[in-house]
Amino acid sequence: MLSALLALSALGLLFAGTTAYGLQRATLNADIDDSLERSFGEFETLLATGIDPATRSPFVTAETLVYLVMQRTLPSPNEGMMGVRDSSAVLLANDAVSLRLEDDPELVAAAAERSPADDVAITTIETTRATYRTIVVPVMLSEDTEPTAFVLAYDIDAERAELNRTFTTFALISLGALLLIGAVGWLLIGNLLHPVRRLRDTARTINDSDLSQRILVTGNDDLSDLTRTFNAMLDRLEKSFTSQRQLLDDVGHELRTPITIIQGHLELQDPTDRQDVDAVRAVALDELERMRLLVDDLVTLAGSARPDFVRPKPTAVDRLTDDILDKARGLGHRRWIVDSRAEGEVPLDARRVTQALLQLAANAVKFSADGSTIAVGSRLDGDRLSMWVRDEGVGISAADQQRIFGRFERGSEGRRAEGAGLGLSIVEAIAQAHGGRVSVLSAPGRGSTFTLDVPAATRRNPSAAVAREHSSPATKEEP
């Protein structure tokens, strides 16, 4: 990251410096040419009049004209002038002019080669001493035997030297800025990446026996969000691993009992006693059946984490409610009724919902007396669907209500009933797979009501009531 930051900064400074240097150099060249053109314009004006201001008579020699022009020209720094005749500098600038063109024989020779017939143009002349931006104006009047050339030139190298010094300073400042950016970037990026290093170090210390490590979160930037997400992942992993270990412990405990029972009876049976063999066989088959049911429940719970555990499709809730009641009648001799029946279609996995409510109905039969009422009901309330099983059984204490949905957990009354204690865990898994939850409303001696509450993207039947009491249909009540 620091290398990328320095590379981008260096490229930015290089681009800015190069662009500025190019623009400044182009401006400098344009200014030089503009100055030379203005000087030639003044020369051309004086030549057009043809009158010598000193004598009030026409110019007769080019040397006199060039001398007058040189008197009226004030060269800039790094600019010089001279008059050339017969391949030598015959007219020289005053001593105040620092650039002495006459000292460069190559420039003098190049100026002497121009003739009055040549077009006057600004050109660049390179010599061993310097590079000049030059305008040469050869002039020949009536009494001249040889032309005299007016030479005005800038030393381009000297003009650009100041510009080069400026950008050399810029380069040094840029280098210092890069060093400063590197030092500050090292501190800032190191501070920003500190949470990442903590993530790395924490990840190295995590194993399947210790998932308790967490990373301290500070700030509200992206790395802080990453740290929170990482901690949340650790929470889920720890919860999952803890649940798996607890499940293995509970399964081992639950399976140990039937295995011990079978082993004990087999060790004590008399193989010569037919009656004893039959009795042990009956016990073994009963315990194996209990183990099979336990394994089936565990397989169901394990599958609840799969995305295809439930497969919702539009389901008529009123018909589903009646179907559940019809199937529940065979669980025991009770007064089976429908509290209320929702009208409309809701996306549900009817098979899983039926499995959950029949599990609740089976529990209701276990903890209620013969002939008591067990009710099934459903209700649509806005975008929520509630389906419940209500009984008039022994009820559940408030303390037991907090834990009965855990695996292998039973209430105080549940310890006297058969089962592995996984039924309500399966019901809760089915509710959660539908994006809902399961709740219980109960009190000792007053019965219990277990409710599945799930989202409902419904398609209602506008001609039907949301729910209707079941007091009139005799077909759904069995005394």
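Colleague: How many salt bridges does the count come to?
Modeller: The count comes to 11 salt bridges, taking a side-chain nitrogen of Lys or Arg within 4 Å of a carboxyl oxygen of Asp or Glu. Bear in mind that this is a predicted model: local features need pLDDT of at least 70, side-chain atom pairs count only at pLDDT 80 or more, and totals for chains, interfaces and linings use all residues. Residues are numbered from 1 along each chain as its sequence is written, and side-chain values use heavy atoms, with hydrogens and water left out.

Colleague: Which side chain meets Arg38 in a salt bridge?
Modeller: Asp34 does, at 2.2 Å, N to O. The two residues are 4 apart in helix H1 (residues 2-49), so about one helical turn separates Arg38 and Asp34. Helices here are DSSP runs of H or I, at least four residues, and strands are runs of E, at least two, numbered from the N terminus.

Colleague: Switching to H4. What does it reach from its first C-alpha to its last?
Modeller: Helix H4 (residues 156-205) reaches 69 Å with 50 residues. That is close to the expected 74 Å, which is 1.5 Å times one less than the number of residues.

Colleague: And where does the kink in H4 lie?
Modeller: At Leu193, shortly before the proline Pro195, and the kink is about 40°. The bend is the angle between axes fitted to the seven residues ending there and the seven starting there.

Colleague: Which residue caps the N-terminal end of H4?
Modeller: Asp155. One of its side-chain oxygens lies 3.2 Å from the backbone nitrogen of Asp157.

Colleague: Now the sheets. What is the strand order in the antiparallel one?
Modeller: S4-S3-S7-S6-S5, an open sheet of 5 strands. Its edges are S4 (88-92) and S5 (122-126), each pairing on one side only. Pairing needs at least two DSSP bridges between two strands. S3 (residues 79-85) and S4 are joined by 4 bridges, and Gly83 stands opposite Leu91 in S4.

Colleague: Which strands of that sheet does H4 touch?
Modeller: S5, S6 and S7, with contact meaning heavy atoms within 4.5 Å. The direction of H4 makes about 20° with that of S7. Axes are lines fitted to C-alpha atoms, for helices over the stretch in contact, and angles run from 0 to 180 degrees between N-to-C directions.

Colleague: What order does the mixed sheet have?
Modeller: S9-S11-S12-S14-S13, again open. The edge strands are S9 (335-338) and S13 (437-442). S9 pairs with S11 (residues 373-381) in the parallel sense over 4 bridges.

Definitions and conventions
Polar contact = N/O pair within 3.5 Å; in protein donor to acceptor, adjacent residues only side chain to side chain.
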